[in-house]
Amino acid sequence: MENRYLFDENTKLNKFVIFILIYFLIGMHYIDLPSINLFGAVDITIETLLFFPMIIAVYISFTMKQIGIKKTYLPVVFLPFLAFFYLFYGIMFIHNNLHRVFFEFRPFMFYFSFLFPVTFIKSIKDAEFIIKGMLIATIVFVPILILQYFIAPKGIIFLAGRDKTFEFTENIRRFVPKAENILLLISFYFYHKTIHTFKKKNLLIFMMFVIVLILTFSRNLWIGFFIGVLIITWCEKHALFRNLPLIIPLGGLFFIAVLLAIIYSGIGQKILLRLGMISYSAIESDNSLKWRVYETDMALKAIKKSPFIGYGLGYKYHEEKKFMFKDAGYYIHNNYLFLWMKMGCFGLVAMGFFIFGLIKEALFIYKNYNKNDILRGIAISTVCFTVARIPAAVVMPVFVEDIRVIILLANLYGIFLNLKMNHLHPDYQL
């Protein structure tokens, strides 16, 4: 049963949750925001500037209310505190590049974002307000994004993202939005809504998200989407069978419409070409893929010399070649090798605590808030998104480099911890 002792429906909305939502939306990069240049090469992004007053407000609240760090929070704080230790380790003992040390530490700060909802959410309305705001913002973003896809080839880019051209057998021009992570998460949410409480509008919105994910030509997103759909289908199999008479004909019509659009617009050929880029011949002809093989080999050689303690943040593990990426001697695409090399075995363990702790808390909300479709839906969607990102982290450092992923998951983690605390302890109050 869902506990509503503290979550009174008549409770007024806490003003701080509006601040959290603004921080959340800025962190997702729905639109492009300028950064503030400091000291030449150093840029301070807007989400970083917003992070500091919020973290100060959190600690003041903690101090005034004498709230300590409970053991429930340890899986979240373990990783950023460990990164803080390796910041000093890299500077004081290994003498790594000072600028690079702080650059690599910056994303770890945002794991403390979980403290915002833990501290300031006071009612179920607060949690729903943040999630609804996120849902509405993303739904509004999708049709604008579809427009962006069709005018991007003309050189008109008005949303935050990356415009890429690949040359193999032909050019593939694609616009990858910076908001791709929230798009994937919310696509799971509406797939769950479509199955669990079938409505035509849910199916329509879900298909809009499917179209957007197709148009990105992103293999990582496609694979992640497939993983998430399998998880939700398994978890909601009883609801799926119950709604099959409605889902099959309407879903089939939408699927056929999308399929025909793909075939007759030439998108199908581009999709096949993108899938073909994972072949051995593509790896042999793609400098980026060849480079990833090289950096993996160099990282493993470094790890063998110090497998337990690592080398600290800012460690340069090889001399970059002239034709490759800027700062390639520091950067590595593999999330796990990055942690292992820079923060030793402790970094891998800390990351495991965070990932599996988040999945555990999300599943708790999914099982115990079964009368609240919004919270239940976002909980299972978070499970899907996190599980889908686990294999993706082999080829992209999503948990140690991508601030958008960290802000997204850390805030959701905090929401789930708050909901769980008040479900288990009705008399608990921040």
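Contact here means heavy atoms within 4.5 Å. N220 has its place in helix α9; helices (H or I, at least four residues) and strands (E, at least two) are DSSP runs, numbered from the N terminus. With a relative accessible area of 28%, N220 is partly exposed, where buried means under 20% relative accessible area, exposed over 50%, and partly exposed in between (1.4 Å probe, protein chains only).

A word on the model itself. It is a predicted one, so local features need pLDDT of at least 70 and side-chain atom pairs count only at pLDDT 80 or more, while totals for chains, interfaces and linings use all residues. Residues are numbered from 1 along each chain as its sequence is written, and side-chain values use heavy atoms, with hydrogens and water left out.

On the overall picture, the protein chain has 16 helices and 4 strands. Of its 430 residues, 54% count as buried. Among contacts in the protein chain with a separation of 6 or more, 77% come from residues 24 or more positions apart. The protein chain exposes about 20000 Å², and carbon and sulfur atoms supply 69% of that; accessible areas come from the Shrake-Rupley method with a 1.4 Å probe, and for residues only the protein chains shown count as cover.

Next, the aromatic rings. A search of the whole structure turns up 25 aromatic pairs. Rings of Phe, Tyr and Trp (its six-membered ring) pair if their centres lie within 6.5 Å; planes under 30 degrees apart count as stacked, over 60 as edge-to-face and the rest as tilted. F16 and F120 have ring centres 4.1 Å apart and planes at 5°, so this pair is stacked. The pair links distant parts of the chain, with F16 in helix α1 (residues 15-28) and F120 in helix α5 (residues 115-120), 104 residues apart. F16 is partly exposed at 28% relative accessible area, whereas F120 is buried at 5%. The rings of Y86 and Y89 are set up another way: their centres are 5.6 Å apart and their planes sit at 85°, so the pair is edge-to-face. Both tyrosines, Y86 and Y89, lie in helix α3 (residues 74-93), 3 residues apart, about one turn of the helix. Y86 is buried at 0% relative accessibility, and Y89 is buried too, with 15%. Ring pairs also link Y23, F51, F52, F110 and F116 into a cluster.

A charge sits over a ring if NZ of Lys or CZ of Arg is within 6 Å of the ring centre and within 35 degrees of the ring normal. The charged end of K237 sits over the ring of W234, 3.8 Å from its centre. K420 does likewise over the face of F364, at 5.3 Å from the ring centre.

As for charge pairs, the whole structure holds 6 salt bridges, each a side-chain nitrogen of Lys or Arg within 4 Å of a carboxyl oxygen of Asp or Glu. One of them joins R100 to E104, with the closest N and O atoms 3.0 Å apart. R100 and E104 both belong to helix α4 (residues 98-109), 4 residues apart, about one turn of the helix, and both are buried. Another joins R376 to E236, closest N and O atoms 2.9 Å apart. R376 lies in helix α15 (residues 373-392) and E236 in the loop between α9 (219-235) and α10 (237-265), so the pair ties together parts that are 140 residues apart in sequence. R376 and E236 are both buried. R404 forms a salt bridge with D402, where the closest N and O atoms are 3.6 Å apart. R404 is buried with a relative accessible area of 15%, and D402 is buried with 13%. Salt bridges that share partners join R100, E104 and K342 into one network.
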